[in-house]
Amino acid sequence: MTATLIAHATVDVDAEGFLTDPTQWNEEIAEAIAAENGIPELTDRHWLVVRFMRDRYLATGNAPSIRSLGKESGVPVKELYALFPTRPAKLAAKIGGIRKPTGCI
Amino acid sequence: MSRKRIVILGGGTGGTMTANRLRRRFDLDEAEIHVVDRDDRHVYQPGLLFVPFGLTEARAIVRARRAQLRDGIVFHEAEIAGIELDREEVVLAGGEVIPYDALVVASGARLQPEETEGLTGPGWNERVFTFYTPEGAEALHAALARFEGGRIVVNLVDMPIKCPVAPLEFAFLADWHLRERGLRSRTELAYVTPLDGAFTKPAASAHLAGLLAEKEIELVTEFNAGEVDGGGGTLTSYDGRALDFDLLVTVPLHGGAPFLGSAPGLTDALGFVPTDKGTLRTAAQPNVFALGDATDLPTSKAGSVTHFQAEILSENIVRFLAGRELEQGFDGHANCFIETGFHKALLIDFNYDTEPLPGRFPGAFGLPLLRESRLNHLGKLAFEWVYWHALLPGHDIPGIGPAMPTRGKEIPVHAGARSTR
């Protein structure tokens with residue numbers, strides 16, 4: 001875990017750049033992480049997914065999988081891939097300032 | 001105490017073990033025990049892996065459900081029409097109503113191949129197969145017998161699945177099978193997974209990736225299967241990667257039993273039952289419990305897990321009906337043999353907090369962990385007898401309890417505690 005500067009704020013991140021303390025997150029940080037990962041602008045649809053991920057993580061301690069995300073967030077899996085290319089669940093978690101989803105066992 | 005009634009939904013591994021254990025805990029005048037299932041076919045599911053290779057036959061691994069239940073247990077062969085949590089009743093498809101004092105959800109996981117676009121379309125059971133059902137495993141056996149070389153893709157669509165190591169075992173056994181038949185040099189084998197490695201837990205994942213490489217099986221990671229074209233022989237991911245196949249062996253999406261959806265608040269979005277990690281009580285009602293593949297617990301959906309749970313669940317039903325505090329006993333313990341071919345197998349043992357580590361199980365002189373050995377393969381074969389004759393009847397196995405043993409394991413200083421939830 002290392003401290004790094006994102007959008008003028010010092011935050012703790014893991015080796016892959018996921019925030020390790022979700023309370024250090026804010027919307028500017030989200031936009032900066034998104035831009036760095038090939039999403040120049042966060043639309044309402046992006047925010048819907050990011051907030052859903054974050055709320056679920058804060059409530060349960062677990063980020064939803066791509067499949068539950070597609071069923072519960074109201075954004076179908078195909079669109080999730082269009083919004084967050086390649087790795088939607090991971091990227092939305094990273095932008096939402098929560099830990100990397102661990103997947104199932 | 002007036003006579004209580006315990007109703008168990010599902011006569012598979014978890015339901016049968018729980019019913020048999022509870023039948024021994026209660027006299028006939030203390031509790032009635034009912035088991036409901038839609039059919040009378042109990043499949044020894046670990047055996048399905050061997051069917052495609054002709055190492056066993058589907059009919060050899062199926063027995064009557066009712067024959068596995070002790071005397072004094074009532075078996076209902078019926079579909080479940082609904083569960084009325086407030087009225088504490090289960091309604092059967094024929095209209096019969098069974099009231100309960102305690103309810104156990106043991107209805108397992110259902111395969112949902114139709115949830116993946118094209119999967120059950122052209123080519124299904126012709127060049128696209130799953131070995132997760134007796135029928136599918138038999139069809140794949142016939143196809144492998146006809147196979148003369150080409151490209152075989154083994155894909156798990158998404159987690160959670162039953163027995164997360166089974167698709168890997170299939171790839172290992174396919175490699176062995178094809179080498180024995182002299183077809184391996186004419187066959188490409190690929191293992192395609194949505195995970196970022198061969199398996200979920202780091203140490204085991206690295207070891208298993210090494211085995212895949214050794215056996216010349218291509219590993220494709222972070223592949224979320226979006227569409228199958230069985231006619232053309234292409235598997236496409238949501239992010240647009242396309243893989244060609246002559247034979248696709250798929251593990252379809254899993255969900256909970258559909259009838260659970262009739263009870264508001266009992267299941268999550270995938271149909272699994274939110275369940276307390278330690279007590280195995282559901283979040284829905286204090287008198288509703290769950291175990292095995294039906295739960296949302298962050299551990300493997302596997303018979304060994306269900307076996308460890310059954311012991312704790314039975315104890316907690318006894319405590320609940322007596323008005324006593326529940327035991328927080330389940331630690332997420334899982335124990336899996338992984339067949340690697342050539343008469344060898346690996347063994348892994350882990351729980352909620354400890355990933356699979358090298359060492360020996362259940363103690364210093366036991367079976368080798370995370371290492372291929374003949375002994376583990378014999379252990380896996382012997383397990384079938386143990387399943388029918390010790391696990392299902394609900395007997396304890398000496399030396400193997402619900403709590404994960406740490407003796408015999410090589411535990412790194414910094415590892416150990418790794419919270420999964």
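Student: What makes Thr236(B) the partner of Glu227(B) in this predicted model?

Tutor: The model is predicted, and in it Thr236(B), in strand 16 of chain B, is the bridge partner of Glu227(B).

Student: How do you know that strand 15 and strand 16 of chain B pair?

Tutor: Pairing requires at least two bridges between the strands. Strand 15 and strand 16 (residues 234-237) of chain B have four bridges, so they count as paired, in the antiparallel sense.

Student: Which strands make up the open sheet, and in what order?

Tutor: The order is 15-16-17 in chain B, and the pairing is antiparallel. On average, neighbouring strands of this sheet are turned by 20° against each other, direction ignored.

Student: Why are strand 15 and strand 17 of chain B said to stand at the edges?

Tutor: Strand 15 (225-229) and strand 17 (242-244) of chain B each have a single partner strand, so one side of each has no neighbour in the sheet.

Student: What makes strand 13 of chain B mostly covered?

Tutor: A residue is buried if 20 or more other C-beta atoms lie within 10 Å of its own. In strand 13 (residues 187-192) of chain B, five of the six residues are buried.

Student: How do you know that strand 12 and strand 13 of chain B pair?

Tutor: Six bridges join strand 12 to strand 13 of chain B, and at least two are needed, so the two strands pair; they run parallel. Within this pairing, Leu189(B) in strand 13 is the bridge partner of Ile152(B).

Student: How many bridges join strand 13 to strand 14 of chain B?

Tutor: Three bridges join them, and the strands run parallel. Tyr191(B) stands opposite Leu219(B) in strand 14 of chain B. From strand 13 the chain crosses through helix 4 to strand 14 of chain B, and this β-α-β crossover is right-handed.

Student: Where are cis peptide bonds found?

Tutor: Most peptide bonds are trans. One that is cis joins Met159(B) and Pro160(B), with omega about 0°. Pro160(B) is in the loop between strand 12 (150-156) and helix 3 (166-180) of chain B. Another cis bond runs from Phe361(B) to Pro362(B), with omega near -5°. Pro362(B) lies in the loop between strand 23 (359-361) and strand 24 (367-369) of chain B.

Student: Why is Gly366(B) called partly exposed?

Tutor: Gly366(B) has 19 other C-beta atoms within 10 Å. Buried needs 20 or more and exposed 12 or fewer, so Gly366(B) falls in between. Gly366(B) is in the loop between strand 23 and strand 24 of chain B.

Student: Which residues does Gly366(B) touch?

Tutor: Not counting residues up to four places away in sequence, Gly366(B) touches Arg360(B), Phe361(B) and Gly408(B). Gly366(B) and Gly408(B) are 42 residues apart in sequence and 7.9 Å apart in space, C-alpha to C-alpha.

Student: What makes helix 5 of chain A mostly covered?

Tutor: In helix 5 (residues 88-95) of chain A, eight of eight residues are buried. The cover includes helix 1 (27-36), helix 2 (44-60), helix 3 (66-72) and helix 4 (77-83) of chain A. Just after helix 5, Gly97(A) takes a positive phi of about 70°.

Student: How many residues are in contact between chain B and chain A?

Tutor: 17 residues of chain B are in contact with 18 residues of chain A. The chain B side divides into eight nonpolar, five polar and four charged residues.

Methods
Residues are numbered from 1 along each chain as its sequence is written. Chains are lettered from A and ligands numbered from 1 in the order in which they are written. This is a predicted model: local features need pLDDT of at least 70, side-chain atom pairs count only at pLDDT 80 or more; totals for chains, interfaces and linings use all residues. Two residues are in contact if their C-beta atoms, placed from the backbone, lie within 7 Å. Ala, Val, Leu, Ile, Met, Phe, Trp, Tyr, Cys and Pro count as nonpolar, Asp, Glu, Lys and Arg as charged, and the others, Gly among them, as polar. Axes are lines fitted to C-alpha atoms, for helices over the stretch in contact, and angles run from 0 to 180 degrees between N-to-C directions. A crossover is right-handed if, with the strands pointing away from the viewer, the path from the first strand over the helix to the second runs clockwise.
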